[in-house]
Amino acid sequence: VEQTVPVLTGAPASLGGANFKIFLGELRINDFFLGNPEGCQTDSAIKIATFKVKIKMMSLISDTIEIEEVLVDGMQLTYEAGLTSNIGRIKENLDEATKKEKVEKNEPKKKSKKVYIREIKVINSEVRAGVKGLGGDSVPIPLPDIVINDIGTKDQGVSFAESLDVFFAQILKASSSAVSGVGSLGTSIEKGTKDTIDKISNVFE
C-alpha cells in the first residue's frame, strides 16, 4: 500500500498497522492516510480509521483474487476546491495510471494478479470542504453509507488501479451530493467533478 498507492495517486500514503488472519482470510488495516498532491494547502485527502478486507483464500492461487467484502469505517474526506481540486488531481493521476496499464497490456512481461471485489461498504464517514486560498475547513458534513457492488467479475478481474479508480468515482459522487446544499461551494464542487464522475462510472459497462 505504502509503495503502490503513491505511484498511482501522486500523493503520499501510510498506514498505522495491518493484521492478517490467514485462517479467516481477513485483513484489517488501521489509520490509513492518503495525502495530497504537491501544491495543496490541506494535509490530507482521505483518512480512514479502519478497514477490513475479506478474501476468498482459494482465489489467491488463481489469476483473479476474489474479495468478498471491503468494509471502510470512519473515513474523513477533505475536498479542497480550486482551479483543480485535490481530489480531481488525484483522479487525473489514477486515470493516467489506468491508461498506462492499457498501453502496456500487450507488452511481454510477468502476468499480474487481478481482483474481483464483490462489495465495498463505507460507513461512519464525513466530508470537509473548503476553497483553496481562503483558509480553514468547513464544518464536517456526514456522508450517507456507500455501497459499491461488483468491481470486475470472476472471469474478468480488474487491476488494483482500476478498482481504486471506481472507488474514487463513487466517493466523489457521494461527497458532491453531500455538499451540494452548502451554497456556492457545493455548486462549484458538483460542477467541477461531474465529467470525471460520469467518465469513471462507465469504465466497466
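This is a predicted model: local features need pLDDT of at least 70, side-chain atom pairs count only at pLDDT 80 or more; totals for chains, interfaces and linings use all residues.
Accessible areas here come from the Shrake-Rupley method with a 1.4 Å probe.

Let's start with the overall layout. The protein chain has four helices and nine strands. Walk along it from the N terminus and the elements come in the order α-β-β-β-β-β-α-β-β-β-β-α-α. If you take the contacts between residues at least 6 apart in sequence, 65% of them join residues at least 24 apart. As for burial, 40% of the 205 residues count as buried.

Now head inside. The largest nonpolar core has 44 residues, and Leu34, Ile120 and Phe168 are the ones with the most contacts inside it. Setting aside its neighbours within four places in sequence, Ile120 touches Val70 and Val72, then Ile146, Val147, Ile148 and Ile151, and finally Phe167.

Strand S2 covers residues 17-21 and strand S3 covers residues 26-34; the two run antiparallel and are joined by five bridges. Within this pair, Phe20 stands opposite Leu27 in S3. Four residues sit between the strands, and Gly25 takes a positive phi near 65° in this hairpin.

Phe20, Ile22 and Phe23 make a nonpolar surface patch of about 390 Å². Phe23 has its place in the loop between S2 and S3. Is Phe23 buried or exposed? With a relative accessible area of 83%, Phe23 counts as exposed, because the cut-off for that is over 50%.

You'll find Ser159 in the loop between strand S9 (146-151) and helix H3 (160-179). Its relative accessible area is 6%, so Ser159 is buried, the cut-off being under 20%. What is Ser159 in contact with, leaving aside its neighbours within four places in sequence? The residues are Glu101, Lys114 and Val115.

Conventions. Residues are numbered from 1 along each chain as its sequence is written. Side-chain values use heavy atoms; hydrogens and water are left out. Buried means under 20% relative accessible area, exposed over 50%, partly exposed in between (1.4 Å probe, protein chains only). Contact means heavy atoms within 4.5 Å. A nonpolar core is a set of buried Ala, Val, Leu, Ile, Met, Phe, Trp, Tyr and Cys residues joined through side-chain atoms within 4.5 Å. Two strands pair if DSSP finds at least two bridges between them. Patches are made of residues with over 30% relative accessible area and no salt bridge: like charges are joined within 9 Å, nonpolar side chains (Val, Leu, Ile, Met, Phe, Trp, Tyr) within 5 Å. A salt bridge is a side-chain nitrogen of Lys or Arg within 4 Å of a carboxyl oxygen of Asp or Glu.
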